[in-house]
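Here is a short report on salt bridges and helix packing. Please look over the sequence and structure first.

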Amino acid sequence: MAGVVATLSDRFQEHLARQRNRPFLEGVMAACALVATTDGEVSFAEQVRVDQILQTLDQLKVFDPHEGVDIFRDFSDGIIENPHEGHDKALAAVGKVSEDLEAGALLLRVCLAVSEADGEVSLADQIEIVSMCSRFGIDPADCGLYIDMPVEEFLATRVDKSAG
């Protein structure tokens, strides 16, 4: 009998964790879609990076990765098919976690990981992430984004760091 109660308790706790983290899942997938679609398409590398994030981030492990991928695709498709409306829907989902500074910082780190998935730093990705920084009240410099140097010099330093 104790085993049944423990199993029920575990399942209930897992259900609560999913419910509590659902807005975070949707916000992260929306933010990833905003970054991944800045060039008008989602690359295979960006898709793989999103899948890796879903499988490794503790706050998202309670979800089936396929569920997260589906949410990411829905946001991405919406942005590509109707940029204005899709962008607004994605920002609304990001906004649901904007009151939590810690969640916002994590979301921004995830966005940075997606932006670097193709092996190059996109200025459009950076602009999208800087825009999200303002939603969370986080200084883009803390993410290494808002810098006081020419873009070419910044890109060279980013390439040098990833090579080392």
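## Basis

Buried means under 20% relative accessible area, exposed means over 50%, and partly exposed lies in between (1.4 Å probe, protein chains only). This is a predicted model: local features need pLDDT of at least 70, side-chain atom pairs count only at pLDDT 80 or more, and totals for chains, interfaces and linings use all residues. Residues are numbered from 1 along each chain as its sequence is written, and side-chain values use heavy atoms, leaving out hydrogens and water.

## Salt bridges

The whole structure holds four salt bridges (a side-chain nitrogen of Lys or Arg within 4 Å of a carboxyl oxygen of Asp or Glu). Arg22, Glu26 and Glu67 form a network of them.

Glu26 pairs with Arg22 at 2.8 Å, N to O. Both sit in helix α1 (residues 2-36), four residues apart, so about one helical turn separates them. Helices are DSSP runs (H or I, at least four residues), numbered from the N terminus. Glu26 is partly exposed at 21%; Arg22 is partly exposed at 27%.

Arg22 also bridges to Glu67 at 2.1 Å, N to O. That pair links helix α1 to helix α3 across 45 residues. Lys61 and Asp58 form another bridge, at 3.5 Å, N to O. Lys61 is partly exposed at 48%, whereas Asp58 is exposed at 57%.

## Helix contact

Phe75, Gly78, Ile79, Ile80 and Glu81 in α3 touch Pro83, Gly86, His87, Lys89, Ala90 and Ala93 in α4. Contact means heavy atoms within 4.5 Å.

Key
Helix = DSSP H or I, 4+ residues; strand = E, 2+ residues; numbered from the N terminus.
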